[in-house]
Structures are given as C-alpha cells and as structure tokens.
Amino acid sequence: MKKIPTLLSIALLLAACGPKSTIHPANSNQRHPVVSTHKPMPTTTGKCSVPMRRDGGVCYVIVKINGVDMEVIFDTGASDVVISSVEAMFLIKQGKLTEDDILGTSYYQVANGSISSGTVIRLRSVQIGSKSLSDVRATVVDNMEAPLLLGQSALDRFASVSIDYKNNVINIE
C-alpha cells in the first residue's frame, strides 16, 4: 500500500524537476502549458444525451477516464478536467496513468481567488456517454478530497454542450 503514494510522489517529483514546462503566473501571460495545438475531435458524431444527477445546484455525470468510470462535476467554469491525488493514485495502480502521461506543472487560480499548483497530465481517453475524446489535458491537484471536475479541456472539444434541467440530461454534439 505504501508503494502507490510513493509512485505518485515520484511521478510528481519527476514532473516538477524534469525538463517539462512550468508556467509561473508572475512571468507569463500564458495560463497553461500547451499540450498540443491540435485538438482531436470526438470520435463519434451526432448528438448524445448523458444522464446527470443534481445535488444542491451541482450537476454530476459519469465519465470513463482511461477506461475507469468516475462521477465528476460538470463544471463549465473549470479550465481543465481535474482529478484528485486519490484518483491519480488509483489510475497509477491500475496501470492507466504512467510517467509518459505527465506533462509538467502549472499554477491555477481557483474560485476563491487563491493560487494553487497542479501536475498537468494527459488522459489517454475520456468518454462521456457515446462521445470519446483522446489526449485530454487534465490536472492532478494535491488534495485527497478535491472534487473531480469535467472542465473546458474536454468540453470545448465539442460543437455544443447544453443542460436540460427538465429531463436531467446533458446534451452533447
């Protein structure tokens, strides 16, 4: 059991010390390191409706991240897909997140205005309903209780995303 936190620590250390990019808000107008200038489009076409669960004004959906089902907050205000260190450790343990997926570190301004750092990773696949995305930028936050967020690094790859509150579904094209 000690091996998994050690693997994540090593992976985070490698990302922080390696030649990969680090963006500092004080010396750059760039908010995030660039993963790729090409954003592959979803692998399926047409419209799909994804069931959502609402709790206290928050919309939750089930997505498949690197082949693992996870319930995430549908957050159009989040720049990236965000996972906590717990999910990252689980993906590492399952062999679904490797050192090759670590892209670097970055700093983010969170909703309360504070600045936090995170490890930028590449998710090989993110599936939302019948829509599949590859090479999705995500951030691992060093907080075991951080909520999982489905943010713009995935959502902006679709032509259209809308919430149908009456039917509790998210429509994606």
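Predicted model: local features only at pLDDT ≥ 70, side-chain atom pairs only at ≥ 80, totals over all residues.
1. Largest pocket: extent and centre. The largest pocket holds about 460 Å³ of space. Its lining is made up of 20 residues, and those closest to the centre are Val82, Tyr108, Gln109, Val110 and Leu149.

2. Which strands each supply at least two residues of the lining? They are E7 (102-109), E8 (115-128) and E9 (131-141). The largest share, three residues, is contributed by E8. By residue class, the lining consists of nine nonpolar, seven polar and four charged residues.

3. Two of the strands that supply the pocket lining, E7 and E8, run antiparallel and are joined by seven bridges. Tyr108, one of the residues closest to the pocket centre, has Ser116 in E8 as its bridge partner. The two strands form a hairpin with five residues between them. Within that turn, Gly113 adopts a positive phi of about 95 degrees.

4. Strand E4 (residues 58-65) is joined to E5 by six bridges, and the pair runs antiparallel.

5. Is strand E5 (residues 68-74) mostly covered or mostly uncovered? E5 is mostly covered, since five of its seven residues are buried. Besides its antiparallel pairing with E4, E5 is joined by two bridges to strand E10 (residues 149-150), and this pair runs parallel. Phe74 stands opposite Leu150 in E10. Leu149, which falls within the residue range of E10, is also among the residues closest to the centre of the largest pocket.

6. The three-stranded sheet. Strands E2, E12 and E11 form an open sheet in the order E2-E12-E11, with antiparallel pairing. Strand E2 (48-51) and strand E11 (161-164) stand at the edges; each has a single partner strand, so one side of each is left without a neighbour in the sheet. On average, neighbouring strands of this sheet are turned by 25 degrees against each other, direction ignored.

7. The E2-E12 pairing. How many bridges join E2 to strand E12 (residues 169-172)? There are four, and the two strands run antiparallel. Ser49 stands opposite Asn171 in E12. In general terms, the strands of a sheet pair through backbone hydrogen bonds, in either a parallel or an antiparallel manner.

8. Helix H2. The buried residues of helix H2 (residues 85-93) are Ser85, Glu87, Ala88, Met89, Leu91 and Ile92. This list includes a charged residue, Glu87. H2 is followed by Gly95, which has a positive phi near 75 degrees.

9. A search of the whole structure finds zero disulfides. Cys48 has a relative accessible area of 7% and is therefore buried, under the cut-off of 20%. Cys59 is likewise buried, with a relative accessible area of 6%.

Conventions:
Residues numbered from 1 in each chain as written. Heavy atoms only, no water. 1 Å grid on protein atoms, 1.4 Å probe; cavity = no way out; pocket = protein on both sides within 12 Å on 5 of 7 lines; lining within 4 Å. Points joined across faces, edges and corners; volume = space filled by probe spheres on them. Disulfide = S-S within 2.5 Å. Buried < 20%, exposed > 50% of the residue type's maximum accessible area, 1.4 Å probe, protein only. Pairing = 2+ DSSP bridges. Axes fitted to C-alpha atoms, helices over the stretch in contact; angles between N-to-C directions.
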